[in-house]
Amino acid sequence: MPIHIRRGWELPESAATPEHLVLGRRKAMLGLGSILAAGTVIHPAGAQDAPSVAAMRNPRFEPGRALTAEREATNYNNYYEFGTSKGVASVAQRLPQRPWTVKLDGMVETPVELGLDDLLKKVSLEERVLRHRCVEAWAMTVPWTGFPMSALLKMATPLASAKYVVFETAADRATMPGLRQSWFPWPYKEGCTIAEAGNELCFMAVGLYGKPVPPQNGGPVRVLFPWKYGFKSGKAITRITFTDQRPVSFWEKLQASEYGFWANVNPQVPHPRWSQARERLLGSGEMVPTQLFNGYADFVASMYTDIKGENLYL
Ligand SMILES: Nc1nc2c(c(=O)[nH]1)N[C@H]1C(S)=C(S)[C@@H](COP(=O)(O)O)O[C@H]1N2
Ligand SMILES: [Mo]
């Protein structure tokens, strides 16, 4: 039965937005140039050629808070390949979204290399409204369309000896100005255990707000670990490698004392330089309490009960 679900992101933004945030955002918008007027949502070139990402919403992932406005979520981004500011939406439009190949390799029974559209024919899409918590203490709640990472595990069948999964982001020197900053350990790589990749919450997203994921949010395909700090959720994934060696990821290479392998959200474990007790919601600026595992403990906590002697929350 078709039910009309009122879409939070279609509602006008709350008038309660604190003034300094509104002004700060306007300044950021001006920095992006005239093509990006306030309220404009930009889409990747050729997005209309991509297959539909319309999918049924999975009710298991009720976020328990209002959706972030689409223009906030798509104009305040962290994407170092395009620069270190949050205003990378405009420059990220240069990253071609097709053709796009995803490779599954390493310790697998069946290596896979597929065009993204061919891959999408082999999976079924669903929409999940998920909370996102950046380690810098901002947060958003957005509807992603995609498929569980477990579908790719089934396709490639990792060997029993494989223990970890590495997600590698495209490193396109022609379109990503950040790659010229050679002190960063490009390409951006993030990793997890096989169990984490197989957890039903680990999600491969190809849609955001019912449209292809815009390049600045990690299009055409990104991984999501909603229970971990945002940096674990790599964008523009081109290669997924199975290995028995624990990977050292981009942020861990940069500053291991602040950004670890596990990075599970925990309000009680402060970042070395700030508290993680609360988070600022994009758009409203409201400060709300941060939850253990970003509120997803029921899905993931059991994966960690036997792990001792490691900081699971950094
Ligand atoms: N390839 C790549 N992936 C990345 C990043 C990045 O710089 N490069 N930043 C991460 C961080 S720190 C966060 S908080 C999220 C931000 O996602 P969003 O811009 O869609 O909100 O992307 C993550 N994925
Ligand atoms: Mo982040």
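Is C202 buried or exposed? The points below take up this residue after the surroundings of the ligand.

1. The structure is a predicted model, and the values in this note should be read with that in mind. Around ligand 1 there are 19 residues, and those that come nearest are Y80, E81, R222, S233 and K235.

2. Several nitrogen contacts of ligand 1 deserve a careful look in the model. A polar atom in the side chain of N78 lies 3.0 Å from a nitrogen atom of ligand 1, and an N or O atom in the side chain of T169 is likewise 3.0 Å from a ligand nitrogen atom. With S233 the contact comes from the backbone, where an N or O atom lies 2.9 Å from a nitrogen atom of ligand 1. Ligand 1 on its own has 540 Å² of accessible area, and the protein covers 99% of it.

3. Turning to the cysteines, a search of the whole structure finds zero disulfides. C192 is in no disulfide, and the cysteine sulfur nearest to it, that of C202, is 5.5 Å away. A disulfide is a covalent bond between the sulfur atoms of two cysteines. The cut-off for counting such a pair is 2.5 Å, so the sulfur of C202, at 5.5 Å from the closest cysteine sulfur, in C192, is too far for a bond.

4. To return to the opening question, C202 is buried, because its relative accessible area is 0%. C192 is buried too, with a relative accessible area of 0%.

Technical notes. Residues are numbered from 1 along each chain as its sequence is written. Chains are lettered from A and ligands numbered from 1 in the order in which they are written. This is a predicted model: local features need pLDDT of at least 70, side-chain atom pairs count only at pLDDT 80 or more; totals for chains, interfaces and linings use all residues. Side-chain values use heavy atoms; hydrogens and water are left out. A residue is near a molecule or strand if one of its heavy atoms lies within 4 Å of it. A polar contact is a pair of N or O atoms within 3.5 Å; within protein, one must be able to donate a hydrogen and the other to accept it, and residues adjacent in sequence count only if both atoms are side-chain atoms. Accessible areas come from the Shrake-Rupley method with a 1.4 Å probe; for residues, only the protein chains shown count as cover. Buried means under 20% relative accessible area, exposed over 50%, partly exposed in between (1.4 Å probe, protein chains only).
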